[in-house]
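Subject: Structure for you to look at

Hi there,

Here is the structure I promised to pass on. Please open it alongside this note, and I will go through what turned up.

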Amino acid sequence: MGNNNTTFDAIIIGSGISGGWAAKEFTEKGLKTLVLERGRDVKHLKDYPTTNQYPWEFEHRGEIPQKIQDENPVVSRCYAFREDAQHFFVKDTEHPYVQEKPFDWIRGYQVGGKSLLWARQTQRWSEYDFEGPARDGFAVDWPIRYNDIAPWYSYVEKFAGISGNKDGLASLPDGEFLPALELNCVENYFKDFVSKNYKDRHVIYGRCAHITDPQPIHLEQGRAKCQNRTLCQRGCPFGGYFSSNSSTMPWAERTGNLTLRTDAVVQSVIYDDKKEKVTGVRVIDSKTKEVTEYYAKVIFVNAAALNTNLVLLNSISKRFPNGLGNDSGVLGKYVAFHNYRARVSGQYEGFKDFTTDGKRPTSAYLPRFRNLLKQETDFLRGYAAGFSSGRYGKTNTDGFGTTLKDNLASKEEGMWSVGSHMMGETIPKESNTVSLDSKKDEWGMPLLKINIDYDDNDEKMVKDYLEQMTEMFTKAGFTDIKTSDSKQAPGLDIHEMGGVRMGNDPKTSMLNKWHQMHACKNVFVTDGACMTSTSTQNPSLTYMAFTARAVDYAVQQMKKGEL
Ligand SMILES: Cc1cc2nc3c(=O)[nH]c(=O)nc-3n(C[C@H](O)[C@H](O)[C@H](O)COP(=O)(O)OP(=O)(O)OC[C@H]3O[C@@H](n4cnc5c(N)ncnc54)[C@H](O)[C@@H]3O)c2cc1C
Ligand code: SF4
């Protein structure tokens, strides 16, 4: 791959979940496409160095040494930053940023971006989610509704491979599912308990991007059935879960229309003041620092939410002195995230005869039930919750030789443990911003300055989640119930969104209903930066559907000579 040509039909910035989809769609439609990725190449299978390692083959038995943790406190707070996957994470020391307020920015700079690291939970948005801002007046109205995006959810689900049950819930529309992954006995008990005791609450089998029954389209991608190893963050030798590396990027490569340039840091998008349009992008080679310009008819910015903001803020011209397309002044504002602070845990005395808790890469999910049909609490919007149960027991690791073996073999089973974590919607606010700092990184890019915080709405939501979940746990007969509020900084949810929001009105938004910049028609943003509000669902499935839809529109416009 790679050629000396600098002119393409389409340029995509970033090769993560959304950029990978843009690459697949453009190349499949016959367009010569350049993907610019700031990190190194990571080839499916070949570049997963730990994928088949045994626990004892890790120098630190899976742990990150204290020195590395001390030097990289932000990324060390991410649960998946462990010895087996540390090479896919950005270390704090490698790419600094400015925290005006504490913000844990978790990044993956390589081909595939964070698609190698994600927890693969995938839920559609519902009509209630798209209507949210219009109903309560916080953030601007979405320029699209569920029906606009529903066919595109189906389109991406079939290709990516999403497992789940058809639950028939208006708050969480069903999709094109492969068979769901099983819940264990206690999770099923809680599911039945909630449906019998709460008419508006449901516990469902977690929907996730894992192939449970490979279809011809998955086999064609070279992917096979998930084996429930739950070592996904190492890269999956079976292609059992969806990542850009196992799915969209190799698919795009096979068309012969893809050029991939790695180690290519996009510094800015070029607006030609004379031609009055965007003509291409300016790239710095991360190793040689050489600057190259690439040109195309259409640019998709998919650098992940905050980096997309950074690239656009840094794209200055006479026409756009405050960032590309920023006539409204909202670029970098109304950034939001998910509130993952609260947890509730407990124990269950039942099911003593059952010792198998089921190894599978998902768990149970409680879709949002607050303020769905009407405003019913003293906070806006709502939260979803994860629920899982396990029988962990106690292992005695005392002794040596035969004594150690005997001790390991006589594990005390203990009671079933249960746990839930909150996934709350936050309200996009003008005061939650990202902007350019005066300090620059070693490639001459301004550091991103992040000024994002919780508000009173988030505090009330945490309180309600803890109360409601405690009530459900108590009624279900769980004991030893403990609640906690980690007060973790925003960002650790890894669902940062906004700053380049969609909307009908160019005075208050950056993008129209096709993800096209109001002020620069050949620039599109389909990653988290485009999000007008955040809802509670894990966001990546929505980015995939948005991207496929926007590429389809862009190509139609190109054929008509409009772009
Ligand atoms: C541990 C973990 C668990 C998660 N769990 C879930 C989950 O269960 N469900 C879910 O929906 N989401 C989950 N996420 C979030 C999910 O990974 C992201 O939403 C998703 O990857 C975003 O896709 P993206 O294309 O916007 O960005 P990314 O996948 O991050 O890709 C962006 C790419 O752009 C590149 N890039 C950045 N700046 C530049 C530049 N200037 N020039 C060139 N290239 C650039 C980066 O190197 C990167 O490769 C999780 C994330 C993590 C880390
Ligand atoms: S759980 Fe499935 S997807 Fe994850 S590593 Fe295992 S086989 Fe692969």
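Below are the overall picture, the ligand site and a few local details.

First, the conventions. This is a predicted model, in which local features need pLDDT of at least 70 and side-chain atom pairs count only at pLDDT 80 or more, while totals for chains, interfaces and linings use all residues. Residues are numbered from 1 along each chain as its sequence is written, chains are lettered from A and ligands numbered from 1 in the order in which they are written, and side-chain values use heavy atoms, with hydrogens and water left out.

Overall picture

The protein has 12 helices and 21 strands (DSSP runs numbered from the N terminus: H or I of at least four residues for helices, E of at least two for strands). Its radius of gyration is 23 Å, close to the 24 Å that the globule rule gives for 563 residues, so the protein is as compact as a globular protein of that length (the radius is taken over C-alpha atoms, and the rule is 2.2 Å times the number of residues to the power 0.38). Along the principal axes, the C-alpha atoms fill a box of roughly 75 × 55 × 50 Å. Of the 563 residues, 60% are buried (buried means under 20% relative accessible area, exposed over 50%, partly exposed in between, with a 1.4 Å probe and protein chains only). Among contacts between residues at least 6 apart in sequence, 72% join residues at least 24 apart (contact means heavy atoms within 4.5 Å).

The ligand site

Ligand 1 is surrounded by 38 residues, the closest being Ser18, Glu37, Lys114, Ala119 and Ser540 (a residue is near if one of its heavy atoms lies within 4 Å). That shell divides into 18 nonpolar, 15 polar and five charged residues (Ala, Val, Leu, Ile, Met, Phe, Trp, Tyr, Cys and Pro count as nonpolar, Asp, Glu, Lys and Arg as charged, and the others, Gly among them, as polar). Helix H1 (17-28), strand S8 (264-272), helix H9 (305-313) and helix H12 (540-559) each supply at least two residues of the shell.

The side chain of Asn538 has an N or O atom 3.3 Å from a nitrogen of ligand 1. A backbone N or O atom of Pro539 is 3.4 Å from a ligand oxygen, and a polar side-chain atom of Ser540 is 2.8 Å from an oxygen of ligand 1. Taken alone the ligand exposes 1,000 Å², of which the protein buries 97% (Shrake-Rupley areas with a 1.4 Å probe; for residues, only the protein chains shown count as cover).

Local details

Asn245 is found in helix H8 (residues 244-254) and counts as buried at 3% relative accessibility. Its side chain reaches two backbone oxygens, that of Val42 at 3.0 Å and that of Val111 at 2.8 Å.

Most residues other than glycine have a negative phi. Ala304, in the loop between strand S10 (291-301) and H9, has a positive phi near 80 degrees. Asp480, in strand S19 (residues 479-485), has a positive phi of about 50 degrees.

Best wishes

Methods. Polar contact = N/O pair within 3.5 Å; in protein donor to acceptor, adjacent residues only side chain to side chain.
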